[in-house]
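Dear colleague,

Please find the structure below, handed over for your use.

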Amino acid sequence: MHARVRLGLLAAFALVVTYVVTVPAAAADTLLSQGKTATASSSEAAFTPAAAVDGSTGTRWGSLFTDPQWIQVDLGIQATVSQVVLNWEAAYARGFELQISANGTTWTSMYSTTTGAGGVQTINVSGTGRYVRMYGTQRATAWGYSLWEFQVYGSPVGTSGCGTANAAQGKPATASSTESAAFPASSAFDGNPGTRWSSAFSDPQWVQVDLGSSVAICGVTLSWEPAFARAYQIQVSTNGTTWTNIYSTTTGPGGTENLNVTGTGRYLRVNGTQRATAFGYSLWEVAVRTGSGSSPSPSPSPSPSPSPSPSPGTEVLLSYGKPGVASSSQSDGNCFECIPARAFDRDPASRWATSSTTGWVDPGWIYVDLGTVAQIRRVVLQWDPAYARAFQIQTSNDATNWTPIYTTTTGTGFKQTLNVTGSGRYVRMYGTQRATPYGYSLWEFQVYGTGGAPITPPPLPPDPRNPPQLVWSDEFNDAAGTKPSAARWQAEIGPGVNNELQYYTNHDNASTDGAGNLVMEARRQTVAGSSCPGGPCQYTSSRINTYGKFSFTYGKVEARIKVSGTTGLWPAFWMLGADFFDQGRPWPYVGEIDIMEHIGRIPNTTYSTIHAPAYFGAGGFGSPYTIAGDFASDFHVYAVEWNSTGMKFTMDGNTVHTVDRASLEATRGPWVFDHPFFIILNNAVGGDWPGPPDATTVLPQRMLVDYVRVYQ
């Protein structure tokens, strides 16, 4: 069906569903899902999971066009679920299940059908858990699965008799330490979500509140800043000296945690024993609810081991950090030390490849030793362009005798998630037909299941809180002639890259104008002793970055900029992975996020692009944005919103480019953006893309920056 025809049908369908009346849930039930965190197996373009739980029937989630696909919502608390309402777009599910889970890993079916009718389905169910999932097994159309709304109704577990007021607000608070005077213990109990307590960068650390008298405590809500606790206890005390655990965990997820607890005391303490990041512990708010409540399920006891064993039956990543063996390996200028271990390091920017001299043959294979026998449930392969057209996934107990548990002759490359059933100590990808003239190469080979001897990988960073808070900025409101703040910026000094023609100076070309702007000026100025293409550099300019001052993972980053605008100029606002300097890792393995690039010879267009090992340079993933006039004639706000599921680039609030992680991994290559990045501003002259200045070039040229802000 042509895209124009399908859009017409969808528009007509949208008009129809507007008038469908949703059957409400029972009067005692509450809509639990709206505005909560949603994730999915995949997303089609801009149709993200969050759109299905936003309360709007004009936005929707849409999946890729394959089976199976799923969408799930994290209710934030354990709840008894009584009803699910599915408001389907025209692309609905013929066969699907409604599933519930306490941990987002092990699922129980509450409802199943193979005769789904689409439209608005109100389904009465019964189950208890924190996560609810629609698991589609058969599409009713050639398209994917798409929901205008995914609504879950029910009631929180253990809330009977538990009050809603915050008994800790405004009460006296103390802590083991504070990062600085700006982050005192009292900020975690002041009712203000924009202030926080932060500790020193060590373990253990704690923050406590004096409730004034001994009370029955039935609930605690923790609103973590990105520096959260992986392992911690909630403790109570009658005297502030002797403490009793009423909750403990070694798998804290960060974000907002709503905990049902039972305990009595005058003092309550959050006692952190293992940080999830290199920073300290930081809490926006700690809320305490009092009343009778009801007893929660027993909390897991803290383990003395930094890598606790998973609960029996819980599917986990078994292959991380385990030994690998392969038919051959590559190590040369094109793929240095591309050894088997690189496929099992959970680093999407490193890979294994068969040897370029002996390994571009069939068969080719790689296997992992899980340490002991495991039950295998899922294998994830993230292929380099050198992928397998035909291959098997095999298991073995002795690495000699192998049993196939998956076979295909139509491998697609990119990211393949394979649901399998098998057991063994060793798991092998056995390639029998290459899809290209090259060998076999995998960025990641991940094995999930139960048993084995798993090593717990480092925690992934938490997504930004919602609503986000301003965490870093420079407004450039200094007196005229002030150089960039040494507390926020460092100058990059010397010639540029990409055949640029300028010499970047030590802030000689950057200062404030006294009107609230940083001026980054490109000049025609020869630098004796320098080396640029063609001889000494004939131009000077400015490039500054926040490395060593401020690096971060995820958030909204924006700047208000008036670009320079003449032939041969290349102003940019962008970010680079901090491991470029931390580890000396080369580009593009560190990842690059170009929020705005402008080239003077195309005055009405800016560009937003991301670069990674599988898509970089001219093959980067991005989009242009064009206006009627000249970008250099006025200020514009350029921004990116970035989290674990993707990015959205905007110009003056207009969407320029969206990146859906699942789609990117399935069509382009690995996502390499789950680590700290730093900010760069520069006003380049010349280079491969804009070309050199010519007879029409007017210099000097100023790039003006009104502000740079980061929200998390």
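This is a predicted model: local features need pLDDT of at least 70, side-chain atom pairs count only at pLDDT 80 or more; totals for chains, interfaces and linings use all residues.

Residues are numbered from 1 along each chain as its sequence is written, and side-chain values use heavy atoms, without hydrogens and water.

The second largest pocket has a volume of about 860 Å³. Its lining comprises 35 residues, of which Asn498, Trp570, Trp587, Glu592 and Glu597 are the closest to its centre. A pocket here is an open set of points on a 1 Å grid over the protein atoms alone where a 1.4 Å probe fits, with protein on both sides within 12 Å along at least five of seven lines; lining residues have an atom within 4 Å of a point. The volume is the space filled by probe spheres set on the points, which are joined across faces, edges and corners.

Among the elements that each supply at least two lining residues are strand S33 (569-577), helix H2 (579-582) and strand S40 (677-685). Helices (H or I, at least four residues) and strands (E, at least two) are DSSP runs, numbered from the N terminus.

S40 is largely enclosed by the rest of the structure, because 9 of its 9 residues are buried (under 20% relative accessible area, 1.4 Å probe, protein chains only). S40 pairs in the antiparallel sense with S33 over 9 bridges and with strand S31 (residues 543-545) over 3 bridges; pairing requires at least two DSSP bridges. Opposite Ile679 in S40 stands Met575, and opposite Leu681 stands Ile544.

Yours sincerely

Methods
Buried means under 20% relative accessible area, exposed over 50%, partly exposed in between (1.4 Å probe, protein chains only).
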